[in-house]
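Subject: Structure handover

Hello,

Here is the structure I said I would pass on.

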Amino acid sequence: MQHDAPSTHPKAHLGFLGLCCGVGVSTIYLCQPLLPEMGATFGADAAAAGQVGVATQVGYAIGMLTVTPLGDIRERRGMIQRMFGLVAVALLLQACAPSLPLLLLLSATSGFMACVTHLVLPIAPDLAAPEERGKAIGAVMTGLLSGVLLGRTFAGWLSEAAAHLTHRVASWRVVFAVAALVSAALVPLVGRMMPELPAKSTLTYPQAMRSLWELLREEPLLRESCWMGALCFGAFSAFWNTFAFVMESHGLGAAVTGSFGLVATAGALGATVWGRMADRKGPRYVLSIGVALMAAAYLSMYLVERYAVRAQAAGHLHVIVYLLSLGFAVIWMDVGMQGMQIGNQARNFALRPEARARLNTIYMTAYFIGGSIASAFSPVLWQHFGAAGITTLEFVVIALAVLRHITGKPIMASSTTEPYTVAE
């Protein structure tokens, strides 16, 4: 077993790690502002087109469960290069999909390969001293969260531009082709910018997979983090997986949908603040504030959509007022989501330094299972109940997260004496 030692020049690597995380994770969000156009291409309704987002998240969750444990037992730089190469191939094939069933299969494949993000993220605490690990995680999470949000913006704007430039090729196909080129460009950059990263454990792959259950059973804080992540990301995914349809119902297109990703990115700048706060006051403090902000955001969204439905029915919907009100709620939702995520990740990574990739595997698998379930239900609820169904789902799920958090106990993990567990 190897213990992690901080790099002598960690800042030289954190920015590039953030870039890799952002590009990798953006893969699974590119489709969200494009779902109405994809549905039009294949003659599918909202419920069917919405399953593209579900397939991508399911593939991502499977990739995290089966691939990311290798991050503890294999040399990581070479793995990351190969995974980005496979992401590029999967995205290019996705751009050429001739039917919706094949697009669903290829979406799951690209999502599976995009789990490279979570080979990169656990490297961050390895590059920092114990008292600065929250700050390091926050720095890399800034890149990851920017990828989550700007991926939508990139997709929406590029789709709108491509629609004006070409009428022979569906503009959503152009988005995936360009994204494939971006991922391909990272393959040589990883080789040049990232140091060789040797294995941290001598476990075999079967042993590493068996250890996932042991870690989940032995670490109560990890179990609590899994529930919190699954519920919060479920609410978050329900919002974004149907947002393009909500905007379309108000006569607004992919560019406006994507621009909300840019609006929410204002909150991503707070990731380093959350990280420093986790170092000073403990992850549970950060987690509490994050979940409270998310609950307030979803309540605001519920009220904003009620106003929009009534005003539109009466013929006097003020679109600018609606978009500004929704924009503020989206910012708070994103800020809260970041606090929740950084609080959870900080306490997870502190549990067992030699098992960070596997701890991340367990947590992020639960996280995306929650997101996939909510994403699967959300377009169906939209088709039958409209915005009222979506906002009700979001608020119920986040209320369950609040309940789980307040009934959790501040437990010190048995396997470590690092600062985060003391703060818990």
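The notes below cover salt bridges, a helix pair and a surface patch.

This is a predicted model, in which local features need pLDDT of at least 70 and side-chain atom pairs count only at pLDDT 80 or more, while totals for chains, interfaces and linings use all residues. Residues are numbered from 1 along each chain as its sequence is written, and side-chain values use heavy atoms, with hydrogens and water left out.

The whole structure has 6 salt bridges (a side-chain nitrogen of Lys or Arg within 4 Å of a carboxyl oxygen of Asp or Glu). One of them pairs Glu224 with Arg284, at 3.0 Å from N to O. Glu224 is in helix α11 and Arg284 in helix α14 (residues 283-314), 60 residues apart; helices are DSSP runs of H or I, at least four residues, numbered from the N terminus. Glu224 also forms a salt bridge with Arg347, with the closest N and O atoms 3.7 Å apart. Arg347 lies in helix α15, so this pair ties together parts 123 residues apart in sequence. Both Glu224 and Arg347 are buried (under 20% relative accessible area, 1.4 Å probe, protein chains only; exposed is over 50%, partly exposed in between).

Salt bridges with shared partners also join Arg217, Glu218, Glu219 and Arg352 into one network. Arg217 is partly exposed, at 46% relative accessible area, and Glu218 is partly exposed at 35%.

Regards

Conventions:
Helices (H or I, at least four residues) and strands (E, at least two) are DSSP runs, numbered from the N terminus.
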